[in-house]
Amino acid sequence: MKNKSTRRRFGQSLAAAPFVAAAFPTASSAQTVTPNRLSFPQGFKWGCATAAYQIEGAANEDGRGPSVWDIFSHTPGKTFQGETGDVADDSYHLYKEDIRLLKNLGATVYRMSISWSRVFPDGIGKPNPKGLDYYKRVLDELHNNGIDPYVTLFHWDLPASLPHGWQSRDTSKAFGDYAAFISRELSDRVQHFFTTNEFVCFTDLSYKVGQFAPGLKLDAARVNQVRHHGILAHGFAVQAIRANARAGTLVGLAENATVFVPVIEEKQHVEAALKATRQGNAPFLTAVLEGKYTEEYLQKEGANAPKVEAGDMQIIGSPLDFVGLNVYSPEYVRADDSPAGYVVLPKQSSFPRMASPWLFVGPEVIYWAVRNVTTLWKPKEIYITENGCSADDVVRSDGRINDTDRVMYLRNHLMHLQRAAAEGYPVKGYFLWSLLDNYEWADGYSKRFGIHYVDFKTQKRTPKLSAEWYTATIAGNSVA
Ligand code: PNW
């Protein structure tokens, strides 16, 4: 009865006054509201990220050797419509144009990677001066435009001639030698190095699932050994950079740690998310930042656990100057009374995603990425080394690409990142993935992550709405 009469009265007031005027502030009262853009700390760094094989093309030029991705993408049935990175964005030739795009955004930093087999065609042995010169030209062009390069040494394009790839411990050593060479040659131009990009992608996805190069499906013991060689390679590279780079060179890694978001922001779930973060990343980030494998991981893997040589864990745990986090999809956890103390909740079929089926939209993921990692391991500095999304971009007849969904995605993630910064977590910069549409690995050119549209027939670059939005964000050092 009571409800009914309330509803009737509400209806009456609607009848008495026009709905629009009753429900919304008028233009003049709206003007009295002070806009509250969410600001980032002064000096916060804004940029974009790319990777060599995804943008460079020129696969057979100037003495570059093949990588496992050249072999894999040329193997029928492995990538979307057999697409390869042979040409990609042709950034090998168009790099000045791409740096111009960065400059137009107002970016002050750029995350790029070096193709190992461009510099060492066989992975080891004699370097290829033409390959190295290309990177010198790119780095010089960045500096001439006031953009500070952050360089990833390994973004999955392993030289194909290294026997057995990451199944061999020699590959970890070879990576250390390559890192030593690069830091001797390029640390006059590069202050920040990332060793590896996303362990799980070049180990599990490549040697267990078979989705990425070299496309193997090995048993658990072999996969654990591959993972071990991956993190060992990172450790060797950290030590090589410390020993060979100019004083003041800083080193970290770029890692897509699985990010666990507490279902409800309450003490027991927040703690559950921390437990999940440690255990869910045990073979990778946890091992790197703690210099050991967790008891739980070793117990769970039993006889399949990796073979660890004396001194390995110390190398793997070499202290870092910063941690880079590539942030995409969330996992939601709640506390429970199982021995682990947490349970990961499966996503309902209605959970929203972007154009890649694995890319679920949960913008709070970026806040918890920073908070969980800081709480557990207290790194000196954190960078978001990747964040962004695929979208079904369409070029309209007027030439515009209105990627409002990407803008929505980015805006919401940055609002949650701003929360982390405002709460004092040591997040120093953000690299949007990606500067331009590029070769999306096994998805070929079918998934676009860029804020610049690339016509892969003509190589024409066009800023999308998201580029305009990012320019405003960078200019204001704030998000709204
Ligand atoms: C990252 N997944 O890869 C890489 O670092 C980039 O090279 C890549 O283009 C970007 O994210 C977008 O995909 C991922 O299946 C690839 O969960 C696949 C997954 C995650 C990250």
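Gln-81 is located in the loop that runs between α5 (68-73) and α6, helices being DSSP runs of H or I with at least four residues and strands runs of E with at least two, numbered from the N terminus. Although Gln-81 is not a glycine, its phi is positive, at about 50°. The model is predicted: local features need pLDDT of at least 70, side-chain atom pairs count only at pLDDT 80 or more, and totals for chains, interfaces and linings use all residues. Residues are numbered from 1 along each chain as its sequence is written, and side-chain values use heavy atoms, with hydrogens and water left out.

**Backbone geometry**

- Most residues other than glycine have a negative phi, and most peptide bonds are trans.
- Ala-213 and Pro-214 are joined by a cis peptide bond with omega of about 5°, and Pro-214 falls in the loop between α11 (204-207) and α12 (220-244).
- A cis bond also leads from Trp-433 to Ser-434, where omega is near 10°; Ser-434 belongs to the loop between β12 (427-433) and β13 (452-455).

**Ligand surroundings**

- The ligand has 13 residues around it, of which Gln-54, His-155, Glu-386, Glu-440 and Trp-441 come nearest; a residue counts as near if one of its heavy atoms lies within 4 Å.
- This shell comprises six nonpolar, four polar and three charged residues, where Ala, Val, Leu, Ile, Met, Phe, Trp, Tyr, Cys and Pro count as nonpolar, Asp, Glu, Lys and Arg as charged, and the others, Gly among them, as polar.
- An N or O atom in the side chain of His-155 is 2.8 Å from an oxygen atom of the ligand.
- For Glu-440, a polar side-chain atom lies 2.5 Å from a ligand oxygen atom, and for Glu-198 the corresponding distance is 3.2 Å.
- The protein buries 88% of the 450 Å² that the ligand exposes when taken alone, as computed by the Shrake-Rupley method with a 1.4 Å probe.

- The largest cavity holds about 120 Å³ of space, a volume being the space filled by probe spheres set on the points.
- Its lining consists of 17 residues, with Ile-55, Tyr-110, Met-112, Tyr-134 and Val-138 closest to the centre; lining residues have an atom within 4 Å of a point.
- The largest share of this lining, five residues, comes from α6.
- By class, the lining of the largest cavity has 12 nonpolar, three polar and two charged residues.

Terms used: A polar contact is a pair of N or O atoms within 3.5 Å; within protein, one must be able to donate a hydrogen and the other to accept it, and residues adjacent in sequence count only if both atoms are side-chain atoms. On a 1 Å grid over the protein atoms alone, a cavity is a set of points where a 1.4 Å probe fits but cannot get out, and a pocket is an open set with protein on both sides within 12 Å along at least five of seven lines; lining residues have an atom within 4 Å of a point.
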